[in-house]
Amino acid sequence: MALSGGVDSSVAAAVLLEQGHEVVGITMKLWGGESDSGCCSVSDVDDARRVAQQLDIDHYVFNFSEEFDRYVVDPYVQAHRDNRTPNPCVECNRHLKFDVLLRRCDELGFDAVATGHHARVCRVDGASFVARGADAAKDQSYVLYPLTSSALERVMFPIGHLHKSEVREQATRLGLRTARKPDSQDVCFITHTHGRETFLGDRIALRPGRVVDLEGNEIGTTEAVELVTIGQRRGLNAAGGTEPRYVVDIDPASATVTMGPREALMVDATVLKNMVWARGTRDGEVFAQTSAHGSPARARCMVADDGVELRWDEARVRVAPGQSVVLYVNDCVLGGGIAS
Amino acid sequence: MIQRELYFDHAASCPMRPEALEALHHWSTEVGNPSGSHRAARRARRAIDDARDQLSELCGFEPRGVIFTSGGTEADNLALHGLGKASRGTVVVSAVEHPAVIEPARQLGATLVDVDATGTVNLEAVRSTISHDCRMVSVMAVNNEIGSVQPIATVADLCREFDEDIVVHSDFVQGFSWLDPRTVGARVDAISLSAHKFGGPKGVGALLVSSRCAVRPQLLGGGQEAQRRSGTPNVAGIAAMAVAAQKASNERESEVIRVSRLRDRLIQRLLAACPSAALTRPGPQAAVSPHIVHVNFAGLSSEALLVLCDREGLCASAAASCASGAKANSHVLMAIGVDQSVLNGSLRLSLGYTTTESEIDQAVEVLAACVEKLVAV
């Protein structure tokens, strides 16, 4: 049981015990720097340890901080340098929870790894797929798309069928320390006090840039090109204009941000690379979700050599490069990739 | 899962001796606060002063040089911050000291002296590092991770020869069960002790200081321990510590022989059973304390290995862990210059007065089985 020190994984452990499983709690030490606590800081490890004691299960802490730096933090920083929108939670799931940790658990002879994600596993035609959690508002299936069917054979989501309120109720009933602990929001290794700008500013050069309109006229400036995202509307000193304007393009090489009206952002298709398919590629109608809690939109999926082309049923705003897009059919995750 | 427990982490803590437990229990029922003047207080006072005399005799320091603390860490902090001429700046410590010395030393802007590949402090380096500005030099008696025995008497002589005013302190926490402090008592100015490393209770220790050393108190309050360490003394703990110290001292000579043999048996059998195992510290085992065996397993993660061992009841350690309880990179191993794969695969087994031959053999069996399991994956 991957215990993060949060209420979801705490109750998940209790659910497994109730079901008669032999459970061992594992907490990953991932980040050694400042953290607001919410995932894997020292105080979270303490919370996890205390929950393990309260549930009377063995508890171990694994130091995966080097892998975390390599697979999550460094790429996050690098993505900003390249003006791509990273999703560190996806990378943490892809590389840490369901790769490094899963392999460690195989080594140690465990039958499965369980996490407190709000998600379920659905079986279709003898294969396993990640499915949405029962609580739509808390559904975390989006960040779990990197899991393949074969990995899912060894993964469990014990609270996926519960609503958040039920989870907290159970935690309170069990007298768990984490019952009222707030959910971790935002990126776990960036603190509210210092923020993304300070974090990145300590690691890469943040370059000021020019903001231009679609005709190339300079309309303003920005203090840090690296912090600008496609589709962004606020936070840029863009003078004039009667209509709302959005970031339509960013050229890191020339440190230029182009802004335009919403129409300029609209696209009919999105290309995805680095596809992970749960089981085999699949052309056809899908529902594609472009953010953790966004509404999925209907699209036709066409598999190409190096990825997928998604043709949206209805034109929509451009997906920021680097953003993950997850393909669903009947609330099951077929796979996902990264918008290029 | 097997219910037995094979305890091989004596360097972290060792079982309380029955005599110490008895003293702990007895003195826990004593109500008196040693600082008072009535009969109940005098009883409690007597208990700690008897303990004081006992430790003084066992270690070769004057009774008034014994300062009871909450453990080895507090003793080390008191030494680093409280000893030596305040007017002098620098503090010099070895690169392989326990964090209880390294951390206060760091705060004081100390200079770290290198060690060689066996983890032994480099005497030349000490000689060239000390200056007339130097307030104190601190070198541990036995390293807690790899067991290297340090030449503290020589370091003390060296410092004394250079400048009389340099105070020499030695963290004797891992040393007490295996080395006679009386052999260094006359030469070093101060030693730190921790009761639970020699069969006493956790949470109590002592700093023993030579009479020529003034001590600047770090804990201020009621002025206990002759104004050098305020706070109501842990009467029961102190009494138990003294009893444990006496017992450990009495058995030391025979235990060194017995445990050295067990250690050699462990090493021999382990290396034979596990081709991937190697002793981390090069050099003859004679310069290593009898109770510590530090090995590393090529290509394996000792973090994973320790979990497998734990599930079979074998308690060992990776010797360095951080605040979250996760394994950390050992500064000691880095100081002796091992590479990352050794850091990842390193494991410490430590023996004590309760270790038996049967436990040694079982431990090897368990370790070998766990290593095989990991290698097979």
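**Close-up views of a predicted model**

**View 1. The loop at D125(A).** D125(A) sits in the loop between β4 (119–124) and β5 (127–132) of chain A; strands (E, at least two residues) and helices (H or I, at least four) are DSSP runs, numbered from the N terminus. This is a predicted model: local features need pLDDT of at least 70, side-chain atom pairs count only at pLDDT 80 or more, and totals for chains, interfaces and linings use all residues. Residues are numbered from 1 along each chain as its sequence is written, chains are lettered from A in the order in which they are written, and side-chain values use heavy atoms, without hydrogens and water. Phi of D125(A) is near 50°, a positive value in a residue other than glycine. D125(A) is exposed, at 68% relative accessible area (exposed is over 50%, buried under 20%, partly exposed in between; 1.4 Å probe, protein chains only).

**View 2. The loop at Q227(B).** Q227(B) lies between β8 (205–209) and α8 of chain B. Its phi is near 70°, positive in a residue other than glycine. Q227(B) is exposed, at 57% relative accessibility.

**View 3. The nonpolar cores.** The largest nonpolar core has 82 residues. Such a core is a set of buried Ala, Val, Leu, Ile, Met, Phe, Trp, Tyr and Cys residues joined through side-chain atoms within 4.5 Å. F189(A) and F297(B) have the most contacts inside the largest core. Helix α12 (residues 357–376) of chain B gives the most to this core, with nine residues. A second, separate core has 51 residues, including A47(B) and V126(B).
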